[in-house]
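Please read the following briefing alongside the sequence and the coordinates.

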Amino acid sequence: MSEGVHGEQATGRVTHSLLRLSTAMRSQAWEWAESAGLTPTQGEILVLLMQRKHPLRLGEIARETALTAATASDAVSTLEAKGLVEKRRTTEDARALAVKLTARGRSAAKRAQQWPEFLAEAIGTLRNDEQVLFYRTMIKMIRQLEMQGDIPSHRMCVTCKYFEVSKNPKKAAHRCAALDLAIGDVDLRLDCPVQEEADSLTQKKVWKIFAQAAV
Ligand code: SF4
């Protein structure tokens, strides 16, 4: 059998496996959300607001969750009616509104963060080296989906101007010039508060090295 046919089979099987995982995630997310009187989208917005630690404008919420502006606005209005978020004028622009968690919203967000525990349990059964490789592969998938325009950009190490990529992460760690830290593959961040985007040429160069490195 030719390499091309093998490649196509592998692509099909990986895609099928991801769809199976997404079915499990969707059903678990709905189960949790229904028990909390929310929708998965509302739960996701609560978790986003908790992770960012500061109020977000509606446009930012829509961008980060890959929702349309109308869907994000509806979800936020429902959360506001439930007393889980409130809208405040921003300090930078008195006409703009930003959304923040209320105390009840913070408690709900903490509970919402727990629904993926079933996944953590399954991932925990993998060997350590399998988990590291899985994480690296997920980062490559997430970055590829970002480049295809299918998901919004994350504040990731691999696109950060402070990231110094290793050509051989097994032998030498990557580095973060901002925090003066050695970074192994498993330490790569997906949502770093001090990330700053590198220029596109640097991003391309770093990505080429990261994507082709021997692991
Ligand atoms: S600043 Fe954050 S995102 Fe950038 S390289 Fe350092 S840890 Fe990674």
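Strand β4 and strand β5 (residues 174-176) run antiparallel and are joined by 2 bridges, where strands (E, at least two residues) and helices (H or I, at least four) are DSSP runs numbered from the N terminus, and two strands count as paired if DSSP finds at least two bridges between them. This is a predicted model, in which local features need pLDDT of at least 70 and side-chain atom pairs count only at pLDDT 80 or more, whereas totals for chains, interfaces and linings use all residues. Residues are numbered from 1 along each chain as its sequence is written.

**Strands and their pairing**

- Elsewhere in the chain, strand β2 (residues 85-89) is joined to β3 by 5 bridges, and the two run antiparallel.
- Strand β1 (residues 56-57) also pairs with β3 in the antiparallel sense, over 2 bridges.
- Ala98 in β3 stands opposite Arg57, and Ala98 also stands opposite Arg88.

**Ligand surroundings**

- The residues around the ligand are Cys157, Cys160, Tyr162, Phe163, Cys176, Ala178, Leu179, Arg189, Cys192, Val194 and Gln195, a residue being near a molecule if its C-beta atom, placed from the backbone, lies within 6 Å of it.
- This shell divides into 9 nonpolar residues, 1 polar residue and 1 charged residue, with Ala, Val, Leu, Ile, Met, Phe, Trp, Tyr, Cys and Pro counted as nonpolar, Asp, Glu, Lys and Arg as charged, and the others, Gly among them, as polar.

**Nonpolar cores**

- The largest nonpolar core has 20 residues, of which Leu46, Leu49 and Val76 touch the most other members; such a core is a set of buried Ala, Val, Leu, Ile, Met, Phe, Trp, Tyr and Cys residues joined through C-beta atoms within 7 Å.
- A residue is called buried if 20 or more other C-beta atoms lie within 10 Å of its own, exposed if 12 or fewer do, and partly exposed in between, with C-beta atoms placed from the backbone.
- Two or more residues of this core come from each of α2 (40-52), α3 (58-65), α4 (69-81), β3 (97-101) and α5 (103-112).
- A second, separate core has 9 residues, including Cys157, Cys160, Cys176 and Val206.
- Leu49 is in contact with Leu56, Val85, Val99, Lys100, Leu101 and Ala109, leaving aside its neighbours within four places in sequence, where contact requires C-beta atoms, placed from the backbone, within 7 Å.

- The buried residues of α2 are Gln42, Gly43, Glu44, Ile45, Leu46, Val47 and Leu49.
- Helix α7 (residues 128-147) has 20 residues and reaches 29 Å from its first C-alpha to its last, close to the 28 Å expected at 1.5 Å a residue.
- Gly149, which follows α7, has a positive phi near 80°.

**Loop residues**

- Lys53, in the loop between α2 and β1, has a positive phi near 65° although Lys53 is a residue other than glycine, and Lys53 counts as exposed because 8 C-beta neighbours lie inside 10 Å.
- Ala66, in the loop between α3 and α4, likewise is not a glycine and has a positive phi of about 55°; Ala66 is exposed, with 12 other C-beta atoms within 10 Å.
- Gly83 lies in the loop between α4 and β2 and touches Thr102 and Arg104, not counting residues up to four places away in sequence.

**Chain as a whole**

- The chain contains 8 helices and 6 strands, and its C-alpha trace spans about 55 × 40 × 30 Å along its principal axes.
- Buried residues make up 19% of the 215 residues in the chain.
- Of the contacts between residues at least 6 apart in sequence, 55% join residues at least 24 apart.

Notes:
Contact = placed C-beta atoms within 7 Å. Expected span 1.5 Å × (residues − 1).
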